[in-house]
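Here's a quick tour of a protein chain, with a few stops along the way. Have the sequence and the 3D view open as you read.

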Amino acid sequence: METQQDPMKDDLPLMANTSYMLVKHYVLDLDVDFKSKVIGGVIVLFFETGSQYRKTSSTGKEVCQSQVDETCKMRASEPCHVPATNASACSSKKEYKDFTAYGKGEEDTSDRNGNHSNKEQTSGISSSEDCCDTENPENKDFLLVLDCCDLAVLKVEEVDVAAVSGIEKLTRLAKPNDVSKELENLRNRIVHELVTLPADRWKEQLYYFTCCSQAPGCGDLLFTTGPWSLEIRKSGIQTPADFPHAIRIWYKTKPEGRSVIWTTDQSGRPCVYTIGSPINNRALFPCQEPPVALSTWQASVRTAADFVVLMSGENSAEPVQLQEGILSWYYYVTMPMPASTFTIAVGCWQEVKQQSSTAPVQTNIEFSLPYSDDDFRCAHVEYPCRFQNPAARLQAVIPYRVFAPWCLMEHCKEHLLQLIPQCLSAAYTTLGTHPFSRLDVLIVPSNFSSLGMASPHIIFLSQSVLPGGTHLCGTRLCHEIAHGWFGLAIGACDWTEEWISEGFATFLEDIFWARAQQLSHDEVKEQQELKALLRWQRLRDEVQNSEEELQVLRPKKESTGELSESGASLVKYGLKAEKSFMQVHYLKDFLRMLLEDIPEQKKSGLTVESILQNWLDTSGIPKPLLEEGETWKECRLVLQVSGEVTKWIQTNQRIRKSSKKKRKQDEVVFQKLLPDQLVLLLESLLEEKTLCPGILQCLEKTYQLREQDAEVRHRWCELVVKHKYMPGYGDVEKFLRDDQAMGVYLYGELMVNEDVKQQELAHKCFAAAREHMDESSAKVVAEMLF
C-alpha cells in the first residue's frame, strides 16, 4: 500500500523508482481550456534502464546502464557547466515540420533564439519498495512508479516506435517480421539509440522523438493512481530492462491541482501558470520528481488565439494557426534538467517593446575569459552545451523579451526593459557564459507568492518589484539571473538543500547589481555592509519567531541525498506552508562575511565539519555571524541612518512635549537616503514604543513613503499597524491587495494588537483576496485570522 502522509509531519514523498527506470525525454501534446480550467492531452515518456539495475535483462541481452549517478554528481560539483477546445485526453492532433527545419539557419543550440483502461483508484496500490525488487523472488510484475498528484489518468499504452518509417537505421537492424519478444527488444533498443544520439545530432533526435510520439500504440498497460503516484505495469514483465521504454499517457489536470494556478491577471483577463512549489509539476504531468532525474522535453500547447503561451524552452516560439481561433505553440529543451524546472504560463500577455525613439542601452563591457578554448572542458553528460561554444562564451547579453498584462506595460517600459541588459551584462562580467541561450521575463498575477522565480529560459517577476524606482526591481532581477547558474545549471541532489542555490544567488545579487550600477569600489563595500546588516537583522528576527526545526538547512543531516533502493525519497517539511515564507535559506549561509573571511577562519580551525554542525545542521544563528553583526553597524551608510533615527526620535519627543503649548519648533533637515537606508531607518523606528501621529505624518511626507518600493512600503505599513495610525490604513489595504508576495505577515500584525478596526481590516482584505490567493499563503493567513 502506498504510504499515506501524516499531515502533521508535512513531508513530501517522491515516489518515482528512478533507480530502475529513468525518463530521458518527455513529449507533451496539450490543450489549455480556460472554461473548464483543465489542461489535458497526451504525454509520451522515453526511458532508459536505471543505474541500480543490472546490465542484463531477463533474456540475457545487454542493456544500457544510466548515468544518473554521475550526472547528479556533476550537477552538484562542477561549476564549469553551470547549468480553446475541450481538453479531451483522446485528442492528439499535431503538426510538425521535417527535422531539417528545426533550428533552421542555426549552427548549434547557443544560437537558437527564434523570433516556448483502468478506472482511477486511490487505494489498493503497492509501494515501489514492495513491488520493484530487481530480483523479483516472487516473480511479481515490475511496477513503473511515476510522481503524480491531482491528475485524472485516462489511459496508458505502449508505443510502437518500431513502426516509425526509417527508424530502423538507428539500430542497424532489420525490423522483425512477426510480433514477438524480438520485436519488443527492438523497440527498447530503438529508444536506447534515440536517447543516446550524439549532441551534434540534436535536430535529428527531436525529429525522431516527434515521430515516435505519434507512432501507434501496441497494447494497453495496467495502471493505478494514488495520492502521490501513478503505477504502471505490463503483465508478465518482471524486470525494468524488459518493460516498455516508450509509453503514452492520456490525462487531464484537475482545476484544484496544486502545480498550476488558474486566476486572472491585473487587467482582469484569465490566465494560468505553474507555481513551482510545494509539489512542483506532478499535478501538471506524470513525471519523475527526484532531482537526479534529468531529462529533456518538447511540448506543443494549443489554446484560444487570444492567449500567449510562454514556456521554459530554448526557442522563442511563434504560434501556428491550426484552425480558426486556435493557435499552437511549440517549445523544446536539449539541456537535461529536472522535471520540476518545466514552466508554463498562458495568458493574454502583451510583449513590452522598446520605443523606436529610445536610445539602445549601452552593454559593451571589457571582459576576458579566464581560460582558453583549448583548455576548456565540461564533464557532464553529453548535450549541446553553450559552454563549449566560443560564440556563446562571448555573448554578454542573450536575447530577451518582456511580457506583462496590458495595464502594466508602461511600468515595464519605465525601468525593467533597461535593467535587463544591464543585469545580464553584470552577470556575464562576473561568471562568464550564460547557461541558457535566451530569456523571457513575465510579470505574473498579483497572487504570485514570491518576488521572483527562475526557470530555464524564463523568469517570473512579481508586480511588487515595479513601483518605486529601480532598486528592488534590479536586485530581484539579478537574484533570478544568478539562479541560471546556481539552482538550474548547477543543482542540488536533494530538494531540502535549497540553501545551496539561494545562498549563492543572494550573495551574487549584490555583486551583479553593483556592477550593473557601475559603482565605485568604496560604494560597493558600503552598500554590501549595509545589506549585510539588514539581512543579519532579518535573520535574527526570523530565528526568534519561527520553529527551530525549520531553521535547520539540512533537515535530513547525514541522510541528505540518500534514496531508497528503488530511487524514492522524502522531502523533509516539503508540504509545510510556513516554510515557503521563511528566508533562513537565503540569509543564513554564504553571507559576505563568511566568503571574505574564509582564509582567516581556516587558521582559527574552521573546517567542513564545523560548518556543517554550526551553519547547516542546527537552528539559530551561528556564533561567527553573531560576532560579525556588530561590525556592520560601524559602516558609513549605517551610521548615517543612525543619525537620522536620532533626529526623528528627538523630534517625536519635542512634538509630544509641545503638543499642548503649540510651540513653534525649529525646522529639522533630514538627509536623502538610499532605499536600503530607508528600510533600516523604518526598522529602527519600529523599535520605538510610541511615535505620535504627527511624526508619522511627517515621516511619510519627508520620504514620500507611498511612492517607494515594496520593501520600504512594507515597513511603513508595519509602523502604521503598530501605532494604529488610521490615516495609513488605506496604505495597508493597498499593500495587502497589490503586494501579496510580501504581505502575509502583515495579517498577523493586524490581529496581534487585538484592535477591532485592525482585525476588521484584516478580515476584509483576506475576504477580497482569498479566491485567487496562493494556497500556502491562504493557509498561513487563515491560521492567523481564525
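Let's start with a word you'll need: two residues are in contact when they have heavy atoms within 4.5 Å of each other. What you're looking at is a predicted model, where local features need pLDDT of at least 70 and side-chain atom pairs count only at pLDDT 80 or more, while totals for chains, interfaces and linings use all residues. Residues are numbered from 1 along each chain as its sequence is written, and side-chain values use heavy atoms, with hydrogens and water left out.

**The whole chain**
- The protein chain has 21 helices and 22 strands; these are DSSP runs numbered from the N terminus, with helices being H or I of at least four residues and strands E of at least two.
- Out of 786 residues, 58% count as buried, meaning under 20% relative accessible area with a 1.4 Å probe, protein chains only.

**Leu736**
- You'll find Leu736 in helix α18 (residues 729-738), and its relative accessible area of 2% makes it buried.
- Skipping neighbours within four places in sequence, Leu736 is in contact with Gly743, Leu746, Tyr747, Leu750 and Cys765.
- Take Cys765: it sits 29 residues from Leu736 in sequence, yet their C-alpha atoms are 6.7 Å apart in space.

**Asn188**
- Asn188 belongs to helix α3 (residues 181-195).
- Why does Asn188 count as buried? Because its relative accessible area is 12%.
- Leaving out residues up to four places away in sequence, Asn188 touches Ala241, Asp242, Phe243, Pro244 and His245.

**Helix α21**
- Helix α21 (residues 775-785) has Ser776, Ser777, Ala778, Val780, Val781 and Leu785 as its buried residues.
- Those buried residues pack against α19 (744-752) and α20 (756-769).
- At the start of α21, a side-chain oxygen of Asp774 comes within 3.1 Å of the backbone nitrogen of Ser776.

**The largest cavity**
- A cavity is a set of points on a 1 Å grid over the protein atoms alone where a 1.4 Å probe fits but cannot get out, and its lining residues have an atom within 4 Å of a point.
- The largest cavity has a volume of about 150 Å³, where volume is the space filled by probe spheres set on the points, which are joined across faces, edges and corners.
- It is lined by 17 residues, and the closest to its centre are Ile398, Phe436, Leu439, Ile481 and Gly484.
- Two or more lining residues come from each of β20 (452-455), β21 (458-461) and α6 (471-482).

Technical notes: Buried < 20%, exposed > 50% of the residue type's maximum accessible area, 1.4 Å probe, protein only. Polar contact = N/O pair within 3.5 Å; in protein donor to acceptor, adjacent residues only side chain to side chain. 1 Å grid on protein atoms, 1.4 Å probe; cavity = no way out; pocket = protein on both sides within 12 Å on 5 of 7 lines; lining within 4 Å.
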